[in-house]
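Student: I'm new to this one and don't want the whole tour. Could you pick one part and walk me through it slowly?

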Amino acid sequence: MLRLHDTATGRIEPLVLRDPGQVSMYVCGLTVYDVPHIGHGRFALAFDILRRYLEFSGLEVRYVSNITDIDDKIIARANEEKRTLTDVTREFEAAWWVAVDALGITRPTVAPRATEYVDDMVTLVADLVGRGIAYETSDGVYLSVDAVPGYGLLARQSLDSLRAGARVEPGEEKRSPLDFVLWKKAKPGEPTWPSPWGPGRPGWHTECVVMSLDLLGDDFDIHGGGIDLAFPHHENERAQAVAVGRTFARHWVHNGHVMMGGEKMSKSLGNFTSLTDLLERTDGRAYRLLLLRSHYRSQVEVTPDTIADAEEALKGLDALVRRFHLEGVPLAATAAQATAEGADAVAVASFRSHMDDDLGTPAAVAGIFELARQANLAADAGDNTEGRRLALTAAVLCAALGLRLHGRVEPDEATKAKADARDAARAAKDWARADALRAELEADGWHLEDGPEGGQLHR
RNA sequence: GGCGGCGUGGCCGAGUGGUUUAGGCAGGGGCCUGCAAAGCCCCGUACGGCGGUUCGAUUCCGCCCGCCGCCUCCA
């Protein structure tokens, strides 16, 4: 049974599902006004890993993650570049999915766009107004947090202490500084939707309430996102749902931030690295492995050094696949299937116990490296069958974490001819020619390893 | 000011009241190899500071120092 940290209680709690065997999860996606950065990659990887582990445990997962395609920053960019809103949002949404694919992330079951749910949002806001929980001002509609029982749950602070730290903008008509906007009345040059309060657009916090409840239903299992979203975004989502009598998320999960040089990486600090850039020069699997080796809730330092470290570690795992010819071998998709097919039961059980403990991926990965060592050790001792069995177990567990290992690559004709010529040269003990040919292959980006079966190529 | 987290060997990064170690990367030494590569073995004996609890603390408690996050758009 998986136990997960719950932001609402601050403790690690058993994940008790609404519907046994099925998991409903909603993960806050991103606002598409620019290329995605590595922080976006982190949340997507963190929840991909959670999703995959749930599936590996034999559960069926419905995963919803939204695209926010209406927002101040999008409007600003569109105006600045004299483009339509849709033109901007579709460009960056496309860039996001490219990055998601490159990171080996399974796409969401459903990825709704905020603009597709504006009517439902208006209905929700009207309901809140009707109940006297929300109120209209000259510039919009606001929710009164005093009217919501338990406000501050996710911040883990009382209303009073939150109020003490709140910033008040001059000229605000809000009744309490913590009140937040549900509907923004249109200003000139902004896209609008009709509403009972005149033309305008929804506030950010409303879309996720409407979309999660529509696509997953009341009382869905997991609501996740980056830790910065816990307050106020998720707090405010919850407030709206609770205020209209809906049961919201059963379990709140938040991932830690990417750090650069000891500071949170963020657009506003200007110290961000675009995910697109990272993936142009790095194997996406290395970023996944880097994150797997730290806990999803801790901050992780992402630098060229830590990425390079992960790339090196990955090479060792890939080498395992080459050694035991696991290229293209079908991998079990669940723990039950894996053990049924002969995977090492002790290793699988150990993996699960680490993962069940709030996704202990660092220990799980350490176990995989240990498995790799045992596999090599067995083969070095002459027991190739046992070595292969352990290596296959390692590959299955990697796959459960979303890491697909690479093995030999089929060379093109010219390369193959060169490799064959080198094998011949070695057989003739013509070392000078053999070394020259190897150097040529290396120059073409091929690595060559000699073995009992002749030279083996990989990229 | 309020709330929360962190400080581990050259680097990244887990974890635990005590007997034998996380793991990875880098480094040194060996084995294997025509030379490599891959692999295996061995090596460095780390837990911010000061007190306290304890037979014993890196692990619990207190204080201090340093760092970070949230309280505002934010993954």
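**A close look at one helix residue**

Tutor: Asparagine 376 counts as partly exposed because it has 18 C-beta neighbours inside 10 Å (20 or more other C-beta atoms within 10 Å means buried, 12 or fewer exposed, in between partly exposed, with C-beta atoms placed from the backbone). Bear in mind that this is a predicted model: local features need pLDDT of at least 70 and side-chain atom pairs pLDDT 80 or more, while totals for chains, interfaces and linings use all residues. Residues are numbered from 1 along each chain as its sequence is written, with chains lettered from A and ligands numbered from 1 in the order written.

So where does asparagine 376 sit? It's in helix H13 (helices are DSSP runs of H or I, at least four residues, and strands runs of E, at least two, numbered from the N terminus). Arginine 323 is 53 residues away along the chain, yet its C-alpha atom is 8.6 Å from that of asparagine 376.

Now zoom out to the helix. H13 covers residues 361-380 and gives the most to the surface near RNA strand B, contributing 10 residues (near means a C-beta atom, placed from the backbone, within 6 Å).
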